[in-house]
Structure formats: C-alpha cells, structure tokens
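Hi everyone, thanks for coming. I'd like to walk you through one structure today, so please have a look at it with me.

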Amino acid sequence: MAADMIESCVKRTLEAYEAWMQRSRTSTDFIIPSEICVMINVVLHFKSESLKLCAVAGVDRHQYHTKIDEFIERISSEMIRSFVEKFSSILVSCILSKLARYDEGSLLAPIFSFAQASTSGNVSGDLGRQYVNCLRSSMEQIRQRVIDELFILAMFEKLYTSQINLICTWLTERMDRTLHPYQVNCLSHLVKKTFAEFELQGIPEDVLNHKKFQTVQERMRLEEATAAVSDAGNKSSAGSRTMTSVFAKAKKLALS
C-alpha cells in the first residue's frame with residue numbers, strides 16, 4: 001500500500017511540475033519559481049524515505065522498495081528533462097533565432113544591423129548578457145532550495161551539455177558564413193560566461209571541456225579574430241578618408 005501511495009503522489013507531483021513549466025513564460029525574464037523546487041524536493045524526499053516505508057524491518061522482501069525506487073528515478077529524470085527543455089527553448093527562441101536575423105545575406109540583416117548600431121551603448125540590448133543572467137538566477141534558485149546535491153549536479157550537467165550542443169549546431173549551420181559583429185559579441189559573452197557559471201557550480205572538467213565545447217571555442221576565436229581585423233580595417237579606412245578630407249580643405253583654402 002505504501003508503494004502505491006508513493007507512486008500516486010509522485011505521479012501527481014510530476015504532472016503539476018510539467019504544468020508549471022508549460023505555463024511559464026519562454027523569455028529571458030524566466031526564473032525557476034520556488035514551487036518547482038518544492039515539487040523536486042517532494043520527489044527526492046520520497047526517494048530517501050522509500051526504504052523505510054516499503055520494507056519490513058529494513059528488509060525488502062517483496063521488492064516493493066526496488067520497484068518504487070526505479071520509478072522515482074525515472075520521474076527524477078523526467079523532471080531534469082523538462083527543466084533542460086525549458087532553457088533550451090529560451091536559448092533557441094529568445095537568443096539564437098534573434099541572432100539569426102543578422103545572418104550574412106539575409107534581407108533583413110541591414111535593417112537589424114542599423115538598429116543595433118543606433119542602440120549599441122545600451123547594455124540591456126545585449127542578448128548574451130540577458131540569457132546569462134536568466135541562467136544564473138535560476139541556477140542560484142535551484143542551488144539554494146533543492147536538497148539533493150547529486151540531483152543538482154546531474155541537472156546542471158545535462159543543462160550545460162544541451163546549451164553547448166545547441167550553440168554548436170547553430171554555428172555549424174553557418175560554417176560557410178562570416179558572423180556579424182553583433183553575433184560574435186553576443187555569442188562570445190554567452191559561451192565564456194556559461195562556462196564560468198557552470199564551473200562555479202562544480203561541473204567536472206571533462207564535462208565542461210567536452211568536444212562540442214572545444215569546437216565552439218575554436219570557432220568563436222576565429223570569428224573574434226576576423227571581427228578584430230575587419231574593425232581595424234574599417235577604422236583605418238575611416239582615418240584615411242578623414243585625412244583626405246582635411247588635405248582637400250587645406251588645398252582649397254590655399255588656392256583661394
């Protein structure tokens with residue numbers, strides 16, 4: 001009976017958890033609510049107490065504890081999957097899809113480039129910073145309120161891997177294009193800060209530095225170097241035009 005009651009409660013908790021995730025906004029303003037953390041803790045608490053509730057004198061004669069433990073493990077994995085999917089959807093819809101507007105050859109790229117240049121001093125317009133702040137706030141909420149360290153690490157490992165894989169795929173789709181300077185700035189900030197945030201959360205080095213991350217890192221270094229050379233060339237060209245204009249004016253004054 002205890003096993004059945006635990007299973008029923010855990011199922012309802014998962015349903016409520018997924019309903020919260022679906023109802024919440026898909027934007028960089030999203031922060032994991034405390035209710036989500038409570039639901040995670042409910043499932044984790046049942047996991048830690050299941051042996052006491054489903055065994056007799058500590059002996060699991062009818063394998064109730066084993067079965068319910070496996071069931072709770074699957075539910076925990078579902079919670080992590082739903083959490084990762086939420087942030088993946090935020091990254092794709094709020095960051096990567098917006099950066100795609102600046103793609104080389106896009107009809108709308110000149111318009112967005114002009115609009116971005118006119119607001120370049122506005123830090124709030126930096127998509128990379130917005131997403132990193134969103135990610136940091138939710139990870140801090142999880143860290144402060146969820147009771148199981150192993151669950152937190154498993155969740156953060158899957159989240160980090162998912163984010164890097166999405167960025168790697170986005171860059172791979174643009175392998176034959178040079179990124180716009182705004183794309184380079186946003187992604188460089190996002191990749192560096194994401195690595196630093198997850199490193200602070202205790203994610204192992206082999207997970208942080210996996211092959212996809214190295215691919216992303218190398219591509220961003222190449223794009224940063226290309227952008228720096230292009231920027232230097234533009235400044236040199238602008239300087240030459242300024243000097244030519246000055247000499248032309250001086251010559252005109254001398255002749256008059």
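The crossing of α5 and α6 is right-handed; a crossing gets that name if the near helix is turned clockwise from the far one by less than a right angle, and left-handed if anticlockwise. Before I go on, this is a predicted model, where local features need pLDDT of at least 70, side-chain atom pairs count only at pLDDT 80 or more, and totals for chains, interfaces and linings use all residues. Residues are numbered from 1 along each chain as its sequence is written, and side-chain values use heavy atoms, with hydrogens and water left out.

Back to our pair. The axes of α5 and helix α6 (residues 149-172) come within 11 Å and cross at roughly 165°. That makes α5 roughly antiparallel to α6. For the terms: axes are lines fitted to C-alpha atoms, for helices over the stretch in contact, and angles run from 0 to 180 degrees between N-to-C directions. Angles under 35 degrees count as roughly parallel, over 145 as roughly antiparallel, 65 to 115 as roughly perpendicular, and the rest as oblique. On the α5 side, the contact involves Y131, L135, M139, I142 and R143, and on the α6 side E149, I152, L153, M155, F156, L159 and Q163. Contact here means heavy atoms within 4.5 Å.

Now, how do α5 and α7 cross? The axes of α5 (residues 127-145) and α7 come within 7 Å, at an angle of roughly 20°. So these two are roughly parallel to each other, and their crossing is right-handed. Among the residues that meet are Y131, L135 and M139 in α5, and H189, L190 and F198 in α7.

Let's stay with α7. Why does its length make sense? At 1.5 Å a residue, its 20 residues should span 28 Å, and the end C-alpha atoms are 29 Å apart, which agrees; the expected span is 1.5 Å times one less than the number of residues. After α7 comes G202, whose phi is positive, near 90°. Inside α7 (residues 181-200) sits S188. Is S188 buried or exposed? It is buried, at 8% relative accessibility, where buried means under 20% relative accessible area, exposed over 50%, and partly exposed in between (1.4 Å probe, protein chains only). Not counting residues up to four places away in sequence, S188 touches M220 and E224.

Next, I80 in helix α3 (residues 64-99). I80 is buried too, with a relative accessible area of 7%. Setting aside residues up to four places away in sequence, I80 touches F151, A154, M155 and K158. The C-alpha atoms of I80 and L159 are separated by 8.4 Å, though the two are 79 residues apart along the chain.

In helix α1 (residues 2-23) we find T13, buried at 10% relative accessibility. Beyond its neighbours within four places in sequence, T13 is in contact with M39, V42, V43 and M79.

What about cysteines? C9 is partly exposed at 21%, while C37 is buried at 1%. The whole structure has 0 disulfides, a disulfide being a pair of cysteine sulfur atoms within 2.5 Å.

Finally, the overall picture. The protein has 9 helices and 0 strands; helices (H or I, at least four residues) and strands (E, at least two) are DSSP runs, numbered from the N terminus. Buried residues make up 39% of the 256 residues. Of the contacts with a separation of 6 or more, 80% come from residues 24 or more positions apart.
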